[in-house]
Amino acid sequence: MNYLSVESVSKSYGSKVLFDKISFGLNQGQRMALIAKNGAGKSTLLKIITGKEIADEGSITFRKDITVTYLDQNPVFNENSTVIEAIYNTDNPKLNAVRNYETALLAFEEEYNDKTSEQLEQCSAVVDKLGAWDIEAKVHEILQRLKIAFLDKQISMLSGGQKKRVALAKVLIDEPNLLILDEPTNHLDVEMIEWLENYLVSRDLTLLLVTHDRYFLDSVCTEISEIDAGKLFHYRGNFQYFVEKKAERETMENSEIDKAKNLYKRELEWVRKMPRARGTKAKYRVDSFHEVKEKAFSKGTEEKLVLGVKMSRIGGKILEFNKIKKAFGETKIVTGFSYIFKKGEKIGVIGKNGVGKSTFLNMIMGLEMPDSGNISSGETIVFGYYSQEGLKLNEDKRVIDVVKDIAEFIPLADGNKLSASGLLTKFLFPPDVQYGFVSKLSGGERRRLYLMTILIKNPNFLILDEPTNDLDIVTLSVLEDFLTNFQGCLLVVTHDRYFMDKMVDHLFVFEGEGVVRDFPGNYTEYRDKKEQEEKSSSKAAKAGLQQTAVDETPSAPIEKTVSKPAAAKKKLSFKEKLEFEELEKTIEKLETEKSEITEQLNSSADNHDDVIKWTKQIGSIISELDEKSLRWLELSEGL
């Protein structure tokens with residue numbers, strides 16, 4: 001069943017052609033990723049498909065009986081509305097019914113009278129009729145997973161990342177047939193990204209998305225379409241398949257271009273010697289000459305992004321942390337953290353949003369001061385800090401002037417020097433872009449320019465805070481190659497698991513409450529280890545219960561001498577062990593209660609008093625489940 005048809009769509013901005021007569025379709029159940037270099041038109045194509053921009057030519061057709069929802073890369077809200085108002089601002093009748101019910105419930109709780117009671121009863125009846133009670137539980141789950149607890153805040157008070165999460169929550173709650181997502185993983189921590197992967201794959205959704213997150217792409221999408229030199233190339237497979245087939249295609253194209261160049265030289269010689277009086281018999285050869293010329297000078301001659309700036313000499317002392325403590329009120333960032341960096345180390349920093357990763361980096365740069373302890377760096381250390389906020393630029397400034405403000409000539413790794421214009425060209429900023437204004441750059445181009453301004457200062461200690469946001473896959477690949485060969489130190493915060501796995505030797509894991517764990521390995525190794533520990537904890541707990549039962553049975557003395565080690569090595573006290581065992585039972589019981597109440601809400605309850613009671617109960621159960629599960633995890637670490 002066809003959901004979307006894109007037919008011969010073209011779009012240009014002045015002389016710059018984004019795409020020319022591209023066509024593709026999307027059927028029910030397909031999950032397609034759209035990738036391209038920054039500035040090639042990915043987001044523009046999504047906006048054309050969703051009607052936010054107009055194509056120069058071509059047509060977009062949706063199946064009439066489907067719902068379509070779009071997540072913009074930079075979502076726009078009514079700044080005066082609250083988060084809950086923004087989320088429930090929808091045409092979905094079920095969501096509208098739940099919104100009206102919750103508003104009536106709030107009024108009823110604030111002021112009990114006949115009017116509020118009658119209003120609540122009417123709203124309850126509508127929810128009942130639409131069978132929308134399950135929506136309430138679903139909304140709570142999505143908001144909880146995306147850490148949206150600021151429902152009464154005004155949109156104007158939110159950060160860009162919070163707005164993106166609110167927008168993502170809204171499109172997921174809408175449950176459309178076709179979901180169009182532009183960089184959905186930006187501003188999400190790893191736990192949220194992994195939950196989103198499972199959520200999208202487990203739903204009967206048709207997806208069209210733009211993402212630079214290669215693990216996310218691999219997990220969610222079954223096919224990839226690439227915009228390259230204005231054309232669209234389609235690949236039915238995962239990211240690895242795409243890389244292999246793209247390399248094959250480019251090799252073949254370059255081979256054809258080389259042949260065309262040789263032919264062009266011969267044809268050019270013939271055209272120059274051609275007598276002016278030659279008749280129409282040679283016209284076909286002149287036409288063929290122009291075709292060969294176009295092929296010979298096609299995109300195969302494009303420059304590749306090159307990162308090869310010089311690195312400052314690095315001495316013996318690099319960076320030392322000595323018993324660092326930092327907290328904001330009761331929120332602990334680090335408690336008694338000490339570490340001495342060694343030359344060439346590449347360390348990843350991971351942890352949930354809000355645990356203090358960026359604060360940690362800011363302390364290194366002197367932008368935040370520790371409460372106690374000290375941080376000292378060697379005399380030869382030159383930091384390059386790529387912050388999450390990005391480069392603050394004058395929109396009316398020319399791109400080349402941004403670089404010239406730092407240096408007119410830049411030393412390269414091979415000992416040569418390059419002009420600001422030459423270096424911009426190597427970073428894939430052609431002359432027309434160099435002398436254009438910053439305001440004309442795309443989000444990814446701004447990020448690439450920002451990265452360039454950091455590297456030309458010749459750092460030997462790079463600190464990268466979310467470097468992969470808004471960078472295309474091609475630029476990421478080049479950056480990864482550069483960092484692999486980088487002889488200095490690297491400290492990187494990123495939610496891009498692929499980038500993390502490829503780059504780092506070990507991890508600083510921010511576990512909360514000021515605890516920073518030094519893990520020897522990359523993210524996947526850490527995740528596997530963590531899952532192994534959780535499984536072992538669960539098995540040990542069950543083994544402990546079985547052992548207790550065996551110990552209390554006089555007829556089974558042999559069992560007492562068999563499995564001592566698992567119980568003997570536990571670090572929990574006897575009281576904590578009992579608490580852990582009790583938590584498993586409580587969590588199971590709460591899950592059962594949650595399912596039962598959800599079923600009652602879905603079975604069309606007539607009494608609005610019951611509905612009020614059940615709604616409060618399920619909210620309380622979800623809150624208690626979170627608390628108990630967190631405690632269970634804490635205790636499992638001690639096993």
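The structure is a predicted model, in which local features need pLDDT of at least 70 and side-chain atom pairs count only at pLDDT 80 or more, while totals for chains, interfaces and linings use all residues. Residues are numbered from 1 along each chain as its sequence is written, and side-chain values use heavy atoms, with hydrogens and water left out.

Helices (H or I, at least four residues) and strands (E, at least two) are DSSP runs numbered from the N terminus, and two strands pair if DSSP finds at least two bridges between them. Five bridges pair S8 (residues 223-228) with S9 in the antiparallel sense, and Asp228 is found opposite Lys231 in S9.

Turning to the helices, the axes of H3 (residues 93-110) and H4 (residues 114-130) come within 9 Å and cross at roughly 155 degrees. H3 is therefore roughly antiparallel to H4, where angles under 35 degrees count as roughly parallel, over 145 as roughly antiparallel, 65 to 115 as roughly perpendicular and the rest as oblique. The H3 axis also comes within 9 Å of that of H5 (residues 133-145), crossing at roughly 85 degrees, which means that H3 is roughly perpendicular to H5. In this contact (heavy atoms within 4.5 Å), Lys94, Leu95, Val98, Tyr101 and Glu102 of H3 meet Trp133, Ile135, Glu136 and Val139 of H5.

A further open sheet has three strands in the order S11-S10-S13, with antiparallel pairing. Its edges are S11 (331-340) and S13 (372-377), each with a single partner strand, so one side of each is left without a neighbour in the sheet. Here the twist averages 25 degrees from one strand to the next. S10 (residues 319-328) and S11 run antiparallel and are joined by seven bridges; Ile324 has Phe337 in S11 as its bridge partner. Helix H11 (residues 357-364) packs on this sheet and touches S10, S11 and S13, its direction making about 130 degrees with that of S10.

Terms used. Axes fitted to C-alpha atoms, helices over the stretch in contact; angles between N-to-C directions.
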